[in-house]
Amino acid sequence: MVLLLFDFDQVLVDSEPYRYLRESRKWEQYRQRMSEVEPCQGIDQLIHCASSLGYSMAIVTQSPRFVPKLFVEKHSWPIDIIVGWHDYRIRKPNPLCLKVAMKRAHAKPSESFHIGDLPSDTEASRRAGVKSVGAGWAVLDRSALLKSQPDYYFDTVEQLQEFINSIG
């Protein structure tokens, strides 16, 4: 069973205009602005395609769980597993968030792919024994992500889509 573990910000959604709210932990203000946050181009199609292929999906984020949960509900994404800050309280590159999601999905590390935009995502993947996928489409520092040497790297959501179509 393939499990796709998605980071949330700058992977599934372009929340860069509201980074100041996330970094200052102004979660209620961020919640109020969620209607202004859009999925990254092509993500809706990718999520629904992965679901049609029978892949399990999870979101692992350092934000509180309610942030991606609201977004998943609004966009009717078939993602049941959301692991947020309050589920593990340890920041990546600690792999605990990935391990929690894999346990909930009953997935093996060898069948799991973690899609992230930061070097800490790549390192967390390594520590959890999952394949790391660098998401370059909305990344803030592409050179740092590339330097972290993810197992796979894609500049566009469309490239990731092609990869996902091939791994099943």
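I began with the largest pocket, whose lining has 15 residues, with Asp9, Arg22, Gln62, Arg91 and Leu118 lying nearest its centre. A pocket here is, on a 1 Å grid over the protein atoms alone, an open set of points where a 1.4 Å probe fits, with protein on both sides within 12 Å along at least five of seven lines, and lining residues have an atom within 4 Å of a point.

I noted that this is a predicted model, in which local features need pLDDT of at least 70 and side-chain atom pairs count only at pLDDT 80 or more, while totals for chains, interfaces and linings use all residues. Residues are numbered from 1 along each chain as its sequence is written, and side-chain values use heavy atoms, with hydrogens and water left out.

I then looked up what kinds of residue line the largest pocket, and found eight charged, four polar and three nonpolar; Asp, Glu, Lys and Arg count as charged, Ala, Val, Leu, Ile, Met, Phe, Trp, Tyr, Cys and Pro as nonpolar, and the others, Gly among them, as polar.

Next I turned to Asp7, which counts as buried because its relative accessibility is 8%, buried meaning under 20% relative accessible area with a 1.4 Å probe and protein chains only. Leaving out residues up to four places away in sequence, I listed what Asp7 touches (heavy atoms within 4.5 Å), and Lys92, Ile115 and Asp121 are among them.

Methods:
Buried means under 20% relative accessible area, exposed over 50%, partly exposed in between (1.4 Å probe, protein chains only).
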